[in-house]
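Keep the structure open while you work through them.

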Amino acid sequence: MIVPLGLLLILAQLLFQIESTEICSKSELHALILARGGSKGIKYKNLVEIAGLSLLARTIIKIQNSACFDHIWVSTDDKRIATEAEKYGAIVHVRPPEFAMDDTSSLDAIKEFLDTHKAIHNFSLFQCTSVFLKEEYIKDAALAFKNHDCVFAAKRSHYLRWEYIDNLLVPVGFNSKARPRRQDWKGDIVETGMFYFSKRRLVENGVLQNDRCSIVEIDEQDGLEIDSPIDLTIARCIINNKT
């Protein structure tokens, strides 16, 4: 009798959950990658290859090389993504379809994962689309996480921002009569989405971050996220030129 792959994945997940509930400690750190199959901008974005490796494989390898995590998980609703994850040594969490919709937030998907794996208390969310993830960034974040509730990747932005208030266009954070020069200010801190180290108790309160956060400041050029075909073309050019 041939057992469907989906059933095998579910059985494996249940077995690992039972084992991990007994052996996981609150000091353990788990990596989590959310990789559903229904990406819109780029079809099967997580499996798109650059220089012979899928975005998912690249992310798993970088996480493994950092040696900062007890386990690496991939939460997915897709068999092809599950196969790729297992090929590179990650543990597959079978995500229910209702948590893999277009309007499902990352926080909801994380909560579903933690609800299933109740022994996990500390984790880091990684995005496959942040293709310039570096091991040093991960190590710096893991070190900072020992003394903070949350740590995330950020970069500096030196764009001058404006906003409308009561139909009046006003500058944000600077004086238009004394415009700052780039070399005279550190710039705004902007999330890159590359990773978020956080704790179960924060997610249970509906957040990933609180007022006890820290950041790992990444190089501006490493902040590229692959959300469109143009982003993918740029990333391929950069990486292919380095190899």
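Predicted model: local features only at pLDDT ≥ 70, side-chain atom pairs only at ≥ 80, totals over all residues.

**Exercise 1.** Find out how many cavities of 30 Å³ or more the whole structure holds, and describe the lining of the largest cavity.

Solution. Start with the search of the whole structure, which turns up one cavity of 30 Å³ or more. Now select the lining, made up of Tyr159, Leu160, Arg161, Val172, Gly173, Phe174, Trp185 and Asp188. Finally, sort these residues by class, which gives five nonpolar, one polar and two charged.

**Exercise 2.** Locate the centre of the largest pocket and say which elements supply at least two residues of its lining.

Solution. Begin with the volume of the largest pocket, about 470 Å³. Its lining has 24 residues, and those closest to the centre are Leu34, Arg36, Lys45, Ser106 and Gln127. Then turn to the elements: α4 (106-116) and β6 (122-126) each give the lining at least two residues. By class, the lining splits into nine nonpolar, eight polar and seven charged residues.

**Exercise 3.** Decide which element gives the largest share of the lining of the second largest pocket.

Solution. The second largest pocket holds about 250 Å³ of space. Among its 14 lining residues, Arg58, Lys62, Val131, Leu133 and Ile239 lie nearest the centre. Both α2 (55-66) and α7 (229-242) supply at least two lining residues. The largest share, four residues, belongs to α2. To finish, count the classes: six nonpolar, two polar and six charged.

Note on methods. Residues numbered from 1 in each chain as written. Heavy atoms only, no water. 1 Å grid on protein atoms, 1.4 Å probe; cavity = no way out; pocket = protein on both sides within 12 Å on 5 of 7 lines; lining within 4 Å. Points joined across faces, edges and corners; volume = space filled by probe spheres on them. Nonpolar A, V, L, I, M, F, W, Y, C, P; charged D, E, K, R; others polar.
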